[in-house]
Amino acid sequence: MAALVNYGGGDDLCPLFSGSSRFLSLGLNVDVYCPPCKRARVIAPLGFSFSFSFRGREEVAAEKQQPRSIDTLPDECLFEILSRLPGEKERSSCACVSKRWLMLLISIRSSELAAGMKTTDESVKKPMPDLSNGVCAEKERENNGYLTRRLDAEEATDMRLASIAFGSCSRGGLGRLFIRGSNSTRVTDVGLSAIAHGCPSLRVLSLWKVPLITDAGLSEIADGCPLLEKIDLCECPQISDKGLIAVAQKCPNLTSLTIESCSSVRNEGLQAIGRCCSNLKSVAVKDCMHVGDQGIASLVSLASSSLQRIKLQTLNISDIVLAVIGHYGKNVIDLALIDLQKVNEKGFWVMGNILGLQRLRSIAITSCGGLTDLGLQAIAKGSPSLKQLCICKSDCLSDAGLRAFAGTARALENLRLEDCNRLTLIGISSLLKCNPELKSLALVRCLGIKDITLLPTQIPSCVSLRSLTIQDCPGVTDASLQVVGKICPQLQNVDLSGQVGATDASLIPLIGNSKAGLVEVNLSGCVNVTDALVAMLVKSHGGTLKVFNLDGCKKITNRSLLEIADGCSVLDNLDLSSCSVSDYGVAILASARHLNLSILSLASCSKVTEKSLPFLGNMGSSMVGLNLQHCSLISTHGIGLLEEKMWWCDILS
């Protein structure tokens with residue numbers, strides 16, 4: 001019998017280490033006896049522990065801290081998984097997992113989501129009913145762009161935009177987005193890209209003071225939001241012509257463009273907008289230093305078939321632009337020219353005499369030194385449909401120009417003259433005489449309008465005038481106001497704010513001669529007005545008066561409130577700021593059952609105390625605005641109690 005070699009006495013021979021031979025090295029010619037051995041029973045935990053028994057504790061601890069397997073997936077794999085989720089509920093649940101999952105879900109375009117779901121459906125062997133038509137119709141109804149979101153200052157972040165983009169998909173779709181930022185706003189192209197991917201129904205986009213947005217973000221919006229109709233860019237220094245060109249090429253439905261203080265925008269972007277956006281109706285360009293004649297002229301000429309409103313402010317443009325507007329502005333109905341220092345008299349003259357502004361209904365000219373009497377007369381000649389004219393800060397306009405304008409612009413209905421110091425009441429009288437359709441006249445800070453004695457003996461009557469504003473014109477005296485009352489018998493709205501020289505004697509004829517019934521009266525700053533005038537006003541027009549402003553009229557006392565409570569049945573807005581009214585007057589107002597005020601101001605009323613709070617609290621549910629600022633005798637605690645009682649009312653304190 002062969003001898004046993006190196007047998008240790010046991011039937012089981014275990015390896016010394018994993019992967020080693022069962023026996024030690026033996027010679028090739030040695031006969032050995034191998035008894036049958038049992039198969040070793042392996043238990044996973046024990047085998048695992050034994051195999052790694054020589055590892056350090058640090059390695060085991062590091063292994064326990066390794067991330068879960070789902071988090072180790074690359075973005076590409078997770079993107080494919082998330083794009084195949086079957087419905088909105090599942091996607092919403094996944095969006096709550098982490099910021100990474102939310103951003104990946106937002107990065108999935110609707111076309112990619114549909115493709116992923118289609119692939120998933122095709123992999124199912126069991127035939128399914130064709131419900132695609134119903135799903136598409138439902139999606140179309142859900143994403144019509146009914147929602148509006150506004151973000152201010154610190155609220156505007158990329159994660160907030162991503163959440164808005166994801167959450168609005170199943171709630172009507174985001175239609176309008178307004179971001180009012182600051183120099184510290186953290187919105188970047190990432191947030192704008194999320195909106196572009198998740199909000200294809202976006203129609204209105206407004207970006208104010210968002211310094212980190214670049215052309216890349218605006219290009220994403222152009223790619224993902226082809227229905228965009230209105231875009232407003234203000235103080236976005238990194239947006240240039242490249243972003244505007246992308247919008248022009250991808251958003252053919254654009255109807256309104258506003259660009260303000262965007263230092264990188266030049267002429268090429270505006271040219272592309274005019275060339276590609278055939279539905280463009282409104283353009284406003286302000287304070288863009290690199291925009292010149294070429295950009296504005298090309299935009300106006302290329303979009304002439306649809307352009308209706310133009311606003312140009314603080315630009316380096318010349319008379320050429322005004323000539324182009326006069327020639328191509330056949331559909332323009334509203335024109336605003338503000339602070340154009342390089343535009344001269346020739347530009348206004350050519351714009352009017354080309355006779356191209358046949359549909360122009362409203363024009364506003366502010367701080368344009370080139371506007372003269374000759375230019376204003378040309379505008380009247382070339383704009384037969386003109387109904388509204390506003391001229392501010394014009395030192396060259398005189399009575400002669402206003403008289404010539406009035407003789408041609410017979411359809412004029414509204415005229416506002418502000419800081420035009422060469423005009424006098426002679427020019428205003430000529431205007432009233434020549435314009436039978438004039439309904440509204442406003443004279444603001446016109447220092448040349450002084451005394452009525454300079455008027456001609458035959459004073460024209462203006463029966464059509466419904467609204468009159470004489471504001472901060474110190475030369476308007478009692479005699480002038482009395483004459484105004486005689487020549488304007490149909491006044492309904494009167495604004496005499498800042499007329500410190502106005503007294504009861506001058507205003508009583510103005511109020512008493514009004515036959516149509518006054519609706520809005522503003523006497524703020526008329527420090528000489530007393531309770532007698534209020535009593536007369538309420539007696540004559542209490543049934544029609546809706547808005548009454550007595551701010552700064554220190555001679556108004558509780559007696560006026562008694563008259564108002566008794567005689568004003570439709571009064572909606574009452575301003576008693578800085579008046580000499582007290583708690584008793586507030587109690588009188590609160591006790592008037594027929595008085596349903598919506599807005600009441602008692603700011604800086606030094607005699608109003610906390611005793612008025614119970615009466616204010618009983619003024620009814622019609623009150624939506626209450627101003628108690630600078631009322632030093634009312635405590636913060638009292639204001640808090642009033643806010644609890646009038647929870648629906650906006651209270652300023």
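Figure 1. The protein chain holds 25 helices and 20 strands. Both are DSSP runs numbered from the N terminus, with at least four residues for helices (H or I) and at least two for strands (E). The model is predicted, so local features need pLDDT of at least 70 and side-chain atom pairs count only at pLDDT 80 or more, while totals for chains, interfaces and linings use all residues. Residues are numbered from 1 along each chain as its sequence is written, and side-chain values use heavy atoms, with hydrogens and water left out. Of the 653 residues in the protein chain, 47% are buried. Buried means under 20% relative accessible area, exposed means over 50%, and partly exposed lies in between (1.4 Å probe, protein chains only). Among contacts with a separation of 6 or more, 81% join residues 24 or more positions apart. A contact means heavy atoms within 4.5 Å.

**Figure 2. Leucine 600 in the largest nonpolar core.** A nonpolar core is a set of buried Ala, Val, Leu, Ile, Met, Phe, Trp, Tyr and Cys residues joined through side-chain atoms within 4.5 Å. The largest one has 163 residues. Phe548 and Leu600 touch the most other members. Apart from this core lies another, of 6 residues, including Leu82, Leu85, Cys94 and Trp101. In soluble globular proteins, nonpolar side chains tend to be buried together. Leucine 600 belongs to strand β18 (residues 599–601). Leucine 600 counts as buried because its relative accessibility is 1%. Leaving aside neighbours within four places in sequence, leucine 600 is in contact with Leu574, Leu576, Leu589, Leu616, Met619, Met623, Gly625, Leu626 and Asn627. Leucine 576 is 24 residues from leucine 600 along the chain, and their C-alpha atoms are separated by 7.6 Å.

Figure 3. Strands pair if DSSP finds at least two bridges between them. Strand β10 (residues 388–392) and strand β11 (residues 414–418) run parallel, joined by 5 bridges. Here isoleucine 391 has leucine 417 of β11 as its bridge partner. Strand β11 also runs parallel to strand β12 (residues 440–444), again with 5 bridges. Leucine 415 stands opposite leucine 441 of β12.

**Figure 4. Two right-handed crossovers.** A crossover is right-handed if, with the strands pointing away from the viewer, the path from the first strand over the helix to the second runs clockwise. Helix α17 (residues 399–408) makes a right-handed β-α-β unit with β10 and β11. From β11 the chain crosses through helix α18 (residues 425–434) to β12, and this β-α-β crossover is right-handed.

**Figure 5. Buried faces of helices α19 and α9.** In helix α19 (residues 478–487), the buried residues include Ser480, Leu481, Val483, Val484, Gly485 and Ile487. The buried residues of α19 pack against α18, β13 (467–471) and α20 (504–512). Helix α9 (residues 189–198) is mostly covered, with 9 of its 10 residues buried. Among them are Asp189, Leu192, Ile195 and His197.

Figure 6. Rings of Phe, Tyr and Trp (its six-membered ring) pair if their centres lie within 6.5 Å; planes under 30 degrees apart count as stacked, over 60 as edge-to-face and the rest as tilted. The whole structure has 1 aromatic pair. Tryptophan 647 and tryptophan 648 form this edge-to-face pair, 5.6 Å centre to centre with 90° between the planes. Tryptophan 647 is exposed, because its relative accessible area is 67%. Tryptophan 648 counts as partly exposed, at 31% relative accessibility.

**Figure 7. Arginines over aromatic rings.** A charge sits over a ring if NZ of Lys or CZ of Arg is within 6 Å of the ring centre and within 35 degrees of the ring normal. Arginine 150 lies over the face of phenylalanine 178, at 4.3 Å from the ring centre. The charged end of arginine 180 sits over the ring of tryptophan 208, 4.4 Å from its centre.

**Figure 8. Positive phi values in two loops.** Threonine 314 lies in the loop between β7 (309–313) and α14 (319–328). The phi of threonine 314 is near 55°, a positive value in a residue other than glycine. Threonine 314 counts as partly exposed, at 31% relative accessibility. Arginine 445 is in the loop between β12 and β13. Its phi is near 50°, also positive in a residue other than glycine. Arginine 445 is partly exposed, because its relative accessible area is 30%.
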